[in-house]
Amino acid sequence: MRFSPLNRNIHIELKSSEDEHTTESGLLLPEDYKPKSEYALARVIDVAPDCKLSVFDSSARLRTSGMYVVVLESMVEEITYAGKTFHVVLENHVVGLLQS
């Protein structure tokens, strides 16, 4: 099954941050504890054809695959259908590109 985003959405793969289970003061945290972060790192899988950002224009769609972006984590939508999970974010919730 192939997912193609529409309506200015960007199909992303969220990158997990390395979880530490102890605090600076040495307190142990539960295994399932996830600290809240305002931002998340994500790899671009595909972009909608109507994205307006210059780095996501239709002539550069192949070039954007594999690009890393920083997004507002609370704006990432998780879609589960037929046992598959996809993550999308609107283009205006991308706050930056991660370049090496």
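**View 1. H87 sits in strand β5 of this predicted model.** Strands here are DSSP runs of E with at least two residues, and helices are runs of H or I with at least four residues, numbered from the N terminus. With 17% relative accessibility, H87 counts as buried, the word for anything under 20% relative accessible area; over 50% is exposed, and in between is partly exposed (1.4 Å probe, protein chains only). The side chain of H87 makes a polar contact with the side chain of E78, at 3.1 Å. A polar contact is a pair of N or O atoms within 3.5 Å; within protein, one must be able to donate a hydrogen and the other to accept it, and residues adjacent in sequence count only if both atoms are side-chain atoms. Setting aside neighbours within four places in sequence, H87 also touches I10, H11, I12, L14, V76, E77 and E78, where contact means heavy atoms within 4.5 Å.

**View 2. Here is the one aromatic pair that turns up in a search of the whole structure.** F3 and F86 are stacked, 4.8 Å centre to centre with 20 degrees between the planes. Rings of Phe, Tyr and Trp (its six-membered ring) pair if their centres lie within 6.5 Å; planes under 30 degrees apart are stacked, over 60 edge-to-face, and the rest tilted. The pair ties together distant parts of the chain: F3 comes from the segment before β1 (9-14), F86 from strand β5 (residues 84-90), 83 residues apart. F86 counts as buried because its relative accessibility is 9%, while F3, at 22%, is partly exposed.

**View 3. The largest nonpolar core has 14 residues.** Such a core is a set of buried Ala, Val, Leu, Ile, Met, Phe, Trp, Tyr and Cys residues joined through side-chain atoms within 4.5 Å. Residues with the most contacts inside this one include I10, V44 and V89.

**View 4. N7 and A82 each have a positive phi without being glycine.** For N7, phi is near 55 degrees; this residue belongs to the segment before β1 and is exposed at 58% relative accessible area. A82 has a phi of about 50 degrees, lies in the loop between β4 (77-81) and β5, and is exposed at 57%.

**Notes for all views.** Residues are numbered from 1 along each chain as its sequence is written, and side-chain values use heavy atoms, leaving out hydrogens and water. Because this is a predicted model, local features need pLDDT of at least 70 and side-chain atom pairs count only at pLDDT 80 or more, whereas totals for chains, interfaces and linings use all residues.
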